[in-house]
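Please open the structure in the viewer and keep the selection panel at hand.

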Protein chains: 2
Amino acid sequence: MTEFTKTEKNSLKRLPKRGHYDRATIYRILDEALICHVGFVEREQPYVIPINFARIEDRIVLHGAKASRLLKHIEAGYPVCVEVTVVDGLVLARSVFHHSINYRSVVLFGKGRPVEGEQEKLSALKAITEHLIPGRWQEARLPNRKELNATRVVSIKIDEASAKVRVGPPLDEQEDYTLPVWAGVLPLQEQALSPIRDELLPKNVPVPEYISQYSRTRE
Amino acid sequence: MTEFTKTEKNSLKRLPKRGHYDRATIYRILDEALICHVGFVEREQPYVIPINFARIEDRIVLHGAKASRLLKHIEAGYPVCVEVTVVDGLVLARSVFHHSINYRSVVLFGKGRPVEGEQEKLSALKAITEHLIPGRWQEARLPNRKELNATRVVSIKIDEASAKVRVGPPLDEQEDYTLPVWAGVLPLQEQALSPIRDELLPKNVPVPEYISQYSRTRE
């Protein structure tokens, strides 16, 4: 199934033409976003926590310390909402009213379960590491038994999801097009600056290409 | 009062040394973040929605279409959680286990109310516009009565808040420092690329300095 079903929960009410329900669009945005924002409820109080993540097929995996309150809550199976947003630019219209942001966001709903088998845990940690820095898993020292035991991993099956995307130039009121106000798009992009070597790193260890060429853009 | 009180809701359980409760730190992060992630609960289901915003003193203001489900929910006074995160870099340790992200995040809790008076509404819209693009309010065509009426504005008093900040190099296990694995920090920054003029903009309108010099960094 290449489309998520539209439901009361995931349907866009406002500006439905910006909505996307196909897995290809949704998964591409999830794979590009650096971190996600996880929403959960405890005693009727909403919480939102930022955390890094990865997508494996139709699941989101998260990891953290054994004691993590967030992860314990998720693996208990309570409903969670995961949101990611990639900002692509600021949209400057002639009028304040028509200012906007070009962005790609995903909101998804699901329930979690613990990941406890050693192989499944390692696969999740590999996916999370490679989501952040493709190429890193092959080079860094892999987790040992003690580290694996100190790490909690949870998996959230994506039950419902939608993406929201805005692209393109500003749209102004007809009578505003004659105003001498600069209008257009200011593209924004998460960019890597020069890598900072750890002071304790021997000088003969070169910067790997996956660092010197790092980019979040995914095609 | 320059510090938020530590409560069950806003206290950091894990890595408490990364926690900050002073308003100066919290407000600086809020002012730098481009968008926020608003968590709310409807029929026991958590939702997280990305939206642009501004801080005015100890309040968060949001705006959107009159019909916005999110804004109607917030102005009704249900508890909400607002989260922002600025990512500063990827932290590459010798071991997978000690990889991390340098970031500054804020999680805050409060309740909303509608903003309906014309002056207060305009102040909120000015703050939101200037949060996104400082200098823009003075230049763009300001909202007219019809646009104001089509816009819903809500204000959330910040009742509790905390910031979480990680800075600095990776910390590895003692025995891993001899490994020939590149380690350090890859700084990341939301950067502006070249502005794209709207095709319908007369050629004699120059790019304003607040666009050509745009930066998210706040001091």
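Copies are superposed here by least squares on the C-alpha atoms of residues with pLDDT of at least 70 in both, pLDDT being the predictor's confidence in each residue, from 0 to 100. This is a predicted model, in which local features need pLDDT of at least 70, side-chain atom pairs count only at pLDDT 80 or more, and totals for chains, interfaces and linings use all residues. Residues are numbered from 1 along each chain as its sequence is written, while chains are lettered from A and ligands numbered from 1 in the order in which they are written.

Begin with both chains. Chain B is superposed on chain A by a rotation of 180° with 0.0 Å of shift along the axis, at an RMSD of 0.0 Å. This is the relation of a two-fold axis. Select Glu190(B) next: its C-alpha is the nearest to the axis in chain B, at 2.1 Å. The same surface serves both copies, as 100% of the contact residues of chain B recur in chain A (contact: C-beta atoms, placed from the backbone, within 7 Å).

Now select β8(B), residues 151-166. Strands are DSSP runs of E, at least two residues long, numbered from the N terminus, and two strands pair if DSSP finds at least two bridges between them.

- β7(B), residues 100-115, pairs with β8(B) in the antiparallel sense over 13 bridges; Leu108(B) has Ala161(B) as its bridge partner.
- β5(B), residues 59-65, runs antiparallel to β8(B), joined by seven bridges; Ile60(B) stands opposite Ile156(B).
- β1(B), residues 19-20, pairs antiparallel with β8(B) over two bridges; Gly19(B) is partnered by Lys164(B).

Finally, colour chain A by pLDDT: the mean is 95, and 99% of its residues reach 70 or more.

How values were computed: Helix = DSSP H or I, 4+ residues; strand = E, 2+ residues; numbered from the N terminus. Contact = placed C-beta atoms within 7 Å.
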